[in-house]
Amino acid sequence: MLRKRAFSGGVHPPQSKITAHLPIEEVPLPPQVVIPLQQHLGAPAEPLCKAGDTVKIGDKIGEAKGFVSVPCHASVSGTVKAVEPRLHPLGGRVLSVVIDSDGKGEVASSVMPDPDYMQRSAEELRARVREAGLAGMGGAAFPTHVKLSPPPTKPIDTLLINGAECEPYLTADHRLMLEQPREILAGVQVIQKILGCKRVVIAIEDNKPDAIATMRKAVADTGERYEVMSFQAKYPQGAEKQLIKAATGREVPRGGLPMDVGCLVHNVGTAKAIYEAVALRKPLVERVVTVTGPGVRTPKNLRVPLGTSFAHLFAHCGGLTEDAGKIIMGGPLMGIAQFSDEVPVIKGTSGIVVLTQTESRLSDPLVCIGCARCVDACPMKLVPTHIQTLVRHERFAAAKEYGLLDCIECGCCAFVCPAKIPFVHLMKYGKLKVYQLERAAGPKSA
């Protein structure tokens, strides 16, 4: 029997999954891609190419610098036009490799199937994941090989495959579970071999009954004893700590990581990419992106070469409507607003949402009325109204004591606030100031 679980707090925004029934389409090859050398958390990659070089799909164009870093690869065949700073969807300009496509779609000879991949050692599988440049595809973009390398003192007994996709509008993971369940499960088997964990939970919200049925059938076909759990559709069900709590009852300690409670969470898209990295020797050069929202004429789910501009995707979706007002990378609650449609798709781009001008309009914040709705909604059990007051008065050390750094910036507090207080902006500002002050103070003595 399917099990429905949830966590305390959270909100129920309109789901607006208007692309859930639309199969994934291949987007036409763009004439040019811009591939940032930093698409992940950690150190940026260093360029391995220069203007004038010819490349094929899968060729390495950026080498990882350090353990918490991943390489980058060409997503089209063609000629390197430049290696220079370009606009980045996370803000500012980042050193990027600009490639003019030759339209041939030629693939590097290093990309070849390995039918015996499950005979490889855990170390070799982990190395292939790193070499393929994998970073979490749910949005956080943490290097995958690092998550697959817990210290011996932190054994993982439970693997959670995250198919919750709780953000409104986004349906890329939903379609992936419907269309490529076997590849996802093959990736799960690889993770299980690397970590040696016994329990696997595939977590899906109950607003995707077709995905739950598809994954359960696929699991049965493999003969594995994976659990497909149904969770209450509630935001932010897909957040790591909330998912772990709902699925296992374990609570990640303040400032801790999932490995502290024996758990590891990977997105369904990451699981599929792990399979391709070890079985096909295919680097991460493309991903599924939901292009949607009332500001898009024809919303779609698209398979997109990394580095493709948002503008190219909009053109394939019939363009934007006349009243389009805001472009967001990611969902409307945790996504990042863009000031240009020339930014590229990166490894963490799960969706692009375009809202209308009316929906994008910000209200002037009023004075907090002390209703405590933000406290009820906070999935981290914080007191957002008190923390934001401390930040406003620049009492950053006190805000930290009240859990400022534990805030996951999900936006539940802002969503329910009748006074329209910009909680997320204040939390981000407060965190920035805390980090600046701590850096200025220097390392703590032992």
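Glu25 is partly exposed, with a relative accessible area of 29%. In this predicted model, Glu25 and Lys300 meet side chain to side chain in a salt bridge, 3.2 Å from N to O. Lys300 counts as buried, at 14% relative accessibility. The whole structure holds 27 salt bridges and 2 aromatic pairs.

**Salt bridges**

- The Glu25–Lys300 bridge links distant parts of the chain: Glu25 sits in strand E2 (residues 24–26) and Lys300 in strand E15 (residues 300–305), 275 residues apart.
- Arg128 and Asp114 also form a salt bridge, at 2.8 Å from N to O. Arg128 lies in helix H1 and Asp114 in the loop between E9 and H1, so the pair ties together parts that are 14 residues apart in sequence. Both Arg128 and Asp114 are buried.
- Glu409 pairs with Lys428 in a salt bridge, with the closest N and O atoms 3.9 Å apart. Glu409 belongs to the loop between H12 and helix H13 (412–416), and Lys428 to helix H14, so this bridge ties together parts 19 residues apart in sequence.
- Glu409 is partly exposed, with a relative accessible area of 21%. Lys428 is partly exposed too, at 41% relative accessibility.
- Shared partners join Asp114, Arg120, Glu124 and Arg128 into one salt-bridge network.

**Aromatic pairs**

- A search of the whole structure finds 2 aromatic pairs. In one, the ring centres of Tyr117 and Tyr275 lie 6.1 Å apart with the planes at 75°, so the pair is edge-to-face.
- Tyr117 is in the loop between strand E9 (93–101) and helix H1 (122–131), and Tyr275 is in helix H7 (residues 268–279), so the pair ties together parts that are 158 residues apart in sequence.
- Tyr117 is buried, with a relative accessible area of 13%. Tyr275 is buried as well, at 18%.
- Phe396 and Tyr429 have ring centres 6.0 Å apart and planes at 70°, so this pair is edge-to-face.
- The Phe396–Tyr429 pair links distant parts of the chain, with Phe396 in helix H12 (residues 396–401) and Tyr429 in helix H14 (residues 423–441), 33 residues apart.
- Phe396 counts as buried at 6% relative accessibility, whereas Tyr429 counts as partly exposed at 36%.

**Charge over a ring**

- The charged end of Lys234 sits over the ring of Phe7, at 4.5 Å from the ring centre.

Notes
Residues are numbered from 1 along each chain as its sequence is written. This is a predicted model: local features need pLDDT of at least 70, side-chain atom pairs count only at pLDDT 80 or more; totals for chains, interfaces and linings use all residues. Side-chain values use heavy atoms; hydrogens and water are left out. Rings of Phe, Tyr and Trp (its six-membered ring) pair if their centres lie within 6.5 Å; planes under 30 degrees apart count as stacked, over 60 as edge-to-face and the rest as tilted. Helices (H or I, at least four residues) and strands (E, at least two) are DSSP runs, numbered from the N terminus. Buried means under 20% relative accessible area, exposed over 50%, partly exposed in between (1.4 Å probe, protein chains only). A charge sits over a ring if NZ of Lys or CZ of Arg is within 6 Å of the ring centre and within 35 degrees of the ring normal. A salt bridge is a side-chain nitrogen of Lys or Arg within 4 Å of a carboxyl oxygen of Asp or Glu.
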